[in-house]
Amino acid sequence: MKQLIEKIKPKKKEKIEEVLTVSKTERRVLSNVPDPEKIRVQVDRRGAKDTNEPGKLEDPEYLNRIRMLSLRYMADFPVTLLTKKQRLKDGIKARAVDISSTGLLVELDSEREDIQVGQVFMIHCTIPPGTMPEGYESTVKLDATVVRCFTQEEDGYQKFMLAFEFSKPLTEYFRKKRWGYAIYISSASLFFAAAFIVLMRAESVIYFKYNMYLYLYSLIAAAFLLTRYLFGALYREVPVNLDYTPGVSIIIPCFNEEQWIHRTILSCVNQNYPIDKLEVIVVDDRSTDRSAEEIQKVIDMIHNEAERYMTRERVRMHILPENGGKRVALVKGVEMAKHDLVVFVDSDSFLEPTAIRNLVQPFQDPKMGGVAGRTDVENKFTNAITKLQTVRYYIAFRIMKAAESWFDSVTCLSGPLSCYRKELILQHSEAWLNQKFLGQPATFGDDRSMTNFILRTHRTGYQDSAICSTIVPSDMNVFLKQQMRWKRSWLRESLRASGFIWRKEPFMAIFFYIGLIVPIAAPVIVLYNLVYVPVVHLVFPGTFLMGLLLMALLMSLAHLFFRKSKLWVFGIVFCVFYELVLLWQMPVAWVTFWKSTWGTRETPQDVEARLKKEARKRNKKGFGLPF
């Protein structure tokens, strides 16, 4: 009987292990923060050259390039060391411990007295996905020089270690090998795919008289997508002005994020930005896990780094008296902020050290009200679900937001990383906090909602070099709930924006309204082409399927062009998945976009909905009882 109960008992779902690119821990906690006393400089890393040239140490682009070259990543993969006369099977077997663009640290099974400092080997290895940033997952055959031999003790065992310096950085090696080919192939393929789409739409004009509405939709959808890629390609970000460093307050709202909050806070403090111009405020929304303890732990660690970084004056935590939701936490943080620019950062997002310096540059324009940074996927190599999102995220920012930024009208300043003028947030805070739609509180879509308030009177922009990465859902159920929530907020806020967007630049307004109509009508168009036409007219929808494939290729090839990554093929997979699954969330969103539940976290509205659902279940069971 016990065995039978165990069989029918629902099994506990196994926790998904996230695959993250892990940088080797720096000796200094605040390694990227400018030292006000100049006791140390930032350029004391491998790969640094010409540091005596005037202005080099103050050039953010140079410092960032050196930082990227010197970043070391934790590794665990086989490496073969070959002399000039050796074949692959005769080489020395080793295992990578850490790797950077400029060198490699390996561990040998036993000490080798025949290996000396200065000796040159051919390094033969394959860098696994997730070990280094996207685009590095490839085979390497490169000369390297032994720069250090040493032993280290671990768990009572002596390990023999070899440190190598590559003959050329991996960035240069891949640029001449795989990256160069990726750019040529993707750019040529993008041109032919776009040209073929134009030819196919020209065919639509011929058949226009047979079904005016269908072919009109086809022409509009193709023109809409192609122009987005065109303006995305024309986009140029605001360059860094070394003399422009306005005061910035970073606000991190936190609710039950104990796993990632430590890294989020550290990335926000460890910015290459003047210390007297940057503060970090963490607002805990009455978390029910150990988030508050983790926040205090990392703040204490930062305070102990060094007094000269003034961390006690500019890094602090505030705990709300009761759970009020993300908007309440953000507004409280803004009220506490002492600087004129406020940056919103999600509690599972991690900033690059140059993110803030780049993010503020568009605010040199006094009419700029808000700016979004670029969000990459941090756990991209976890599984197929995160790989799909990796391509989608990049295109959504580098193409779609970049295209909107061409007209200074970005319609969503995304939650993971966005900057606003403090006065505008306070001006709209009451309306934002008390926003309702069809009588229901608007508890999600806070980024789109605030963007609408800002966009009415000011410009909004996108800065591609202001980069953060975020943890995306790796579980299908959580992912689908997130997508449904986003569709509801998109529909709600797009309807709001449609009332004023016509006052903006005319082409942008047309752009917006087409972008509103096309996704809403898409399910009907797909049903007509893939079900009605084959069943009623017995015609195979080859032209329609070819169009979908070409649209998918545009996404994948654009990702390949910019990222040079093997993940580009998941752009095609995402488009297929969208047509089969995500597209059909849109009709559900039409009739449920008034809902205020998140579905992926326990907001007060989620608790209320759960209790109602449980009550309905109890009532059903009650009616089914025998009397």
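The questions and answers below go through a predicted model of one protein chain.

Local features need pLDDT of at least 70, side-chain atom pairs count only at pLDDT 80 or more, and totals for chains, interfaces and linings use all residues. Residues are numbered from 1 along each chain as its sequence is written, and side-chain values use heavy atoms, with hydrogens and water left out.

Reader: How many helices and strands are there in the protein?
Author: Helices (H or I, at least four residues) and strands (E, at least two) are DSSP runs, numbered from the N terminus. The protein has 19 helices and 17 strands.

Reader: What percentage of the 627 residues count as buried?
Author: Buried means under 20% relative accessible area, exposed over 50%, and partly exposed in between, with a 1.4 Å probe and protein chains only. Of the 627 residues, the buried share is 51%.

Reader: What share of the contacts with a separation of 6 or more comes from residues 24 or more positions apart?
Author: A contact means heavy atoms within 4.5 Å. Among contacts with a separation of 6 or more, residues 24 or more positions apart account for 76%.

Reader: Which residue stands opposite valine 371 in β14?
Author: Strand β13 (residues 368-377) pairs with strand β14 (residues 417-421) in the antiparallel sense, over 3 bridges. Opposite valine 371 stands cysteine 419.

Reader: Which residue is the bridge partner of methionine 74 in β3?
Author: Strand β1 (residues 73-74) pairs with strand β3 (residues 92-99) in the antiparallel sense over 2 bridges. Strand β2 (residues 78-82) also pairs with β3 in the antiparallel sense, over 4 bridges, and there proline 78 stands opposite arginine 95. For methionine 74, the partner is aspartate 98.

Reader: How many residues does the hairpin use to join β3 to β4?
Author: β3 and strand β4 (residues 103-108) pair in the antiparallel sense over 5 bridges. Alanine 96 stands opposite valine 106 in β4. The hairpin joins the strands through 3 residues.

Reader: Where do α11 and α17 meet, and at what angle do they cross?
Author: Two packed helices are described by the angle between their axes and the distance between the axes. The axes of α11 (residues 384-405) and α17 (residues 570-580) come within 8 Å, crossing at roughly 100°. That makes α11, in relation to α17, roughly perpendicular (65 to 115 degrees; under 35 is roughly parallel, over 145 roughly antiparallel, the rest oblique).

Reader: Which residues of α17 make the contact with α11?
Author: On the α11 side are Ala384, Lys387, Leu388, Val391 and Arg392. On the α17 side are Phe570, Gly571, Val573, Phe574 and Phe577.

Reader: How many residues of α13 are buried?
Author: Helix α13 spans residues 446-455 and is mostly covered. Its cover includes α9 (326-336), β13, β14, α12 (422-433), β17 (459-470) and α14 (476-497).

Reader: Is phenylalanine 381 buried or exposed?
Author: Phenylalanine 381 lies in the loop between β13 and α11. Its C-alpha atom is 5.7 Å from that of glycine 130, 251 residues apart along the chain. At 10% relative accessibility, phenylalanine 381 counts as buried.

Reader: Which residues is glutamine 389 in contact with, leaving aside its neighbours within four places in sequence?
Author: Glutamine 389 lies in helix α11. At 3% relative accessibility, glutamine 389 counts as buried. Its contacts are Val377, Val472, Pro473, Phe479 and Gln482.

Methods. Pairing = 2+ DSSP bridges. Axes fitted to C-alpha atoms, helices over the stretch in contact; angles between N-to-C directions.
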